[in-house]
Amino acid sequence: MDRPAIIRKTEQDLRVAPHLADYEGVRRGYSWAGAGQALAGLPGGALNIAHEAVDRHALGPLRDRVALRFVANEAPAIEISFAELARLTSRFANVLRQLGVQKGERLFVLAGRIPELYVAVLGSLKCGVVVTPLFSAFGPEPIATRINLGEASVLVTTDTLYRRKVKAWRERMPSLRHVLLVSDDGTPTREPDTVDLAGLMASASDDFATTPTSPDDVSLLHFTSGTTGTPKGAIHVHGAVITHHATGRFALDLHEDDRYWCTADPGWVTGTSYGIIAPLLHGVTSLVDREEFDAQRWYTLLEQERISVWYTAPTAIRMLMKAGAELARGHTYPALRFIASVGEPLNPEAVWWGKDVLGLPIHDNWWQTETGGIMIANTPAFDIKPGSMGRPLPGIDAAIVEHLEAEGEAPRVREIAAPGVDGELALRAGWPSMFRGYLNNEARYRKCFAGEWYLTGDLARRDEDGYYWFVGRADDVIKSAGHLIGPFEVESVLMEHPAVAEAGVIGKPDPIVGEVVKAFVSLKGGHAADEALRLDIMAHARKRLGAAVAPKEIAFLPMLPRTRSGKIMRRLLKARELGLPEGDTSTMEGGA
Ligand code: AMP
């Protein structure tokens with residue numbers, strides 16, 4: 001069906017007055033210093049995310065409002081008010097104090113979407129402890145790698161996850177001083193060298209004076225994957241809360257009476273910035289679904305939980321589309337007024353599907369771990385151009401740039417002023433939630449900047465109306481079901497299999513999850529490339545990496561294409577897989 005290129009918004013499309021009705025006007029007069037005034041702050045210029053998200057409301061008229069509502073299939077819903085969240089996070093902060101954990105030390109959380117995860121994250125922030133939520137579907141290898149890179153002192157996890165993913169690797173994580181376990185069945189844990197969190201919480205005090213962190217004090221460490229080397233720990237600061245507040249307002253259009261659902265897991269940056277922090281900042285009730293994706297369940301939740309603002313991801317939307325429009329039409333969504341999506345390109349059909357089936361178009365927005373918050377968005381008041389990520393939010397200057405440096409030199413770029421030209425998406429450095437470094441990797445951090453521009457690693461183009469369109473990644477990282485996966489991390493684990501000589505990993509386009517991880521391996525002498533070995537390598541990868549990261553497909557090749565300097569040419573593997581032109585192979589070993 002032919003669709004118009006623009007979805008025009010009318011007054012009737014807007015159930016409440018949008019925060020960003022006057023895009024140009026707000027942008028012109030915008031300053032981040034001014035935006036900071038919307039927050040309470042602490043004496044002496046201190047700023048603490050947990051104070052802004054929790055205690056500020058617990059001390060005011062919203063104290064009894066439900067902050068977090070947890071739902072699950074087999075268990076009754078759990079509701080935590082702002083006042084209760086303030087009390088629990090104070091207790092958690094006191095637990096850390098009693099254990100001698102100091103401001104600036106690092107705490108990791110490995111758990112499903114359970115209340116304790118939210119309490120641990122916010123309680124750590126409250127006492128200035130730097131926190132990293134880990135994706136609970138990671139296998140032991142990615143978990144241990146991140147804990148070691150982050151030199152974590154404390155791990156909060158559950159009995160089951162500890163036994164399955166951490167225990168056997170504990171000796172390989174020498175920095176871990178304390179492992180605090182959440183019991184899965186209510187009985188105190190008996191694992192040696194661990195402590196039962198519930199027991200500590202029960203005897204901790206409700207009173208805790210929030211640590212007066214400065215806006216530049218480190219708050220969160222989010223790991224993200226690059227093309228080469230180990231994952232990068234992106235360092236974020238408490239001052240990021242200004243961006244979380246502003247973007248919760250402009251991009252998600254949160255109003256105090258909203259019932260909000262962010263479907264991202266807190267193990268990924270969206271699930272932290274917009275699944276925990278931003279809605280709380282706005283005093284909004286958030287739904288947390290503890291279950292995995294299920295189309296019928298999701299429609300029921302949207303309806304019965306009376307969700308008004310929904311933030312989800314393209315893979316989920318495509319899975320809903322696959323489940324069929326009938327299922328969606330079996331429900332009504334009278335409360336729903338705004339749907340946003342992030343993490344991967346959102347196909348125009350998905351935008352239209354929202355309008356046809358749920359009654360609302362889907363609003364794509366763009367950001368990444370390093371930016372800490374939403375940078376480019378379609379907001380409720382914007383006309384939507386399906387396929388476009390939208391326009392830069394107030395306080396954000398975006399540009400398309402071309403590189404001028406020679407191979408091996410520091411980045412030097414020039415802005416491409418003309419619309420319609422592909423180049424790298426760059427942002428003028430200086431917004432509050434910008435990452436402040438990659439842990440122990442200053443050189444890599446510096447390579448992200450050229451003068452005043454932060455270089456995103458994404459290719460994009462801007463049209464004549466200032467809308468940005470995603471073109472692709474400038475590097476080889478893989479986006480599968482919205483999760484960034486570093487090929488190197490996967491290749492390293494494959495290489496540990498005794499039969500594997502070399503491994504190259506690519507993202508293979510997939511209609512539902514965007515890309516699936518596909519591995520090419522060559523074998524050491526004496527091993528037959530048969531089905532049994534393929535399954536064995538697959539099982540090894542799943543056990544070590546977890547199902548979310550392990551390859552879905554493995555193919556054998558006699559040898560992998562390499563550059564003369566010895567790097568596996570993933571681009572060539574991908575071009576061959578897709579039957580595309582092989583491009584410049586002059587740097588290939590034995591190449592032209
Ligand atoms: P992460 O750091 O894991 O959040 O991944 C960030 C990357 O996801 C970006 O650099 C993009 O490559 C991709 N991404 C995020 N949002 C979008 C979007 N709306 N459209 C296309 N790609 C996106």
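Buried means under 20% relative accessible area, exposed means over 50%, and partly exposed lies in between, using a 1.4 Å probe and protein chains only. By that rule D253, with a relative accessible area of 0%, is buried. This is a predicted model, where local features need pLDDT of at least 70 and side-chain atom pairs count only at pLDDT 80 or more, while totals for chains, interfaces and linings use all residues. Residues are numbered from 1 along each chain as its sequence is written, and side-chain values use heavy atoms, with hydrogens and water left out.

**View 1. The whole protein, to get your bearings.** The protein holds 18 helices and 27 strands; helices (H or I, at least four residues) and strands (E, at least two) are DSSP runs, numbered from the N terminus. The C-alpha trace spans about 70 × 60 × 50 Å along its principal axes. Of the 592 residues, 59% count as buried. Contact means heavy atoms within 4.5 Å, and among the contacts with a separation of 6 or more, 70% come from residues 24 or more positions apart.

**View 2. Helix α9 and its cover.** Here is helix α9 (residues 241-250), which is largely enclosed by the rest of the structure because 9 of its 10 residues are buried. Those buried residues are V241, I242, T243, H244, H245, A246, T247, G248 and F250. Look around them for their cover, which includes α1 (23-28), α2 (32-36), α3 (49-58) and α10 (269-281).

**View 3. D253 and D193, two aspartates with positive phi.** Most residues other than glycine have a negative phi. D253 has a positive phi of about 55°, and D193 has one near 60°. D253 is found in the loop between α9 and β10 (259-262), whereas D193 sits in the loop between β6 and β7 (195-196). D253 is buried, at 0% relative accessible area, while D193 is exposed, at 64%.

View 4. In helix α7 (residues 159-166), the buried residues are D159, L161, Y162, K165 and V166. Their cover includes β3 (106-110), α6 (140-149), β5 (154-158) and β6 (178-182).

**View 5. The open sheet of 9 strands.** Follow the strands in the order β2-β1-β11-β10-β12-β13-β14-β15-β16, with mixed pairing. The edge strands, β2 (78-81) and β16 (391-392), each pair on one side only; two strands pair if DSSP finds at least two bridges between them. Strands of a sheet pair through backbone hydrogen bonds, either parallel or antiparallel. Within this sheet, β13 (residues 338-342) and β14 (residues 362-366) run parallel and are joined by 4 bridges.

View 6. Q368 lies in the loop between β14 and β15 (376-377). With a relative accessible area of 11%, Q368 is buried. Leaving aside neighbours within four places in sequence, Q368 is in contact with Y454, T456 and R473.
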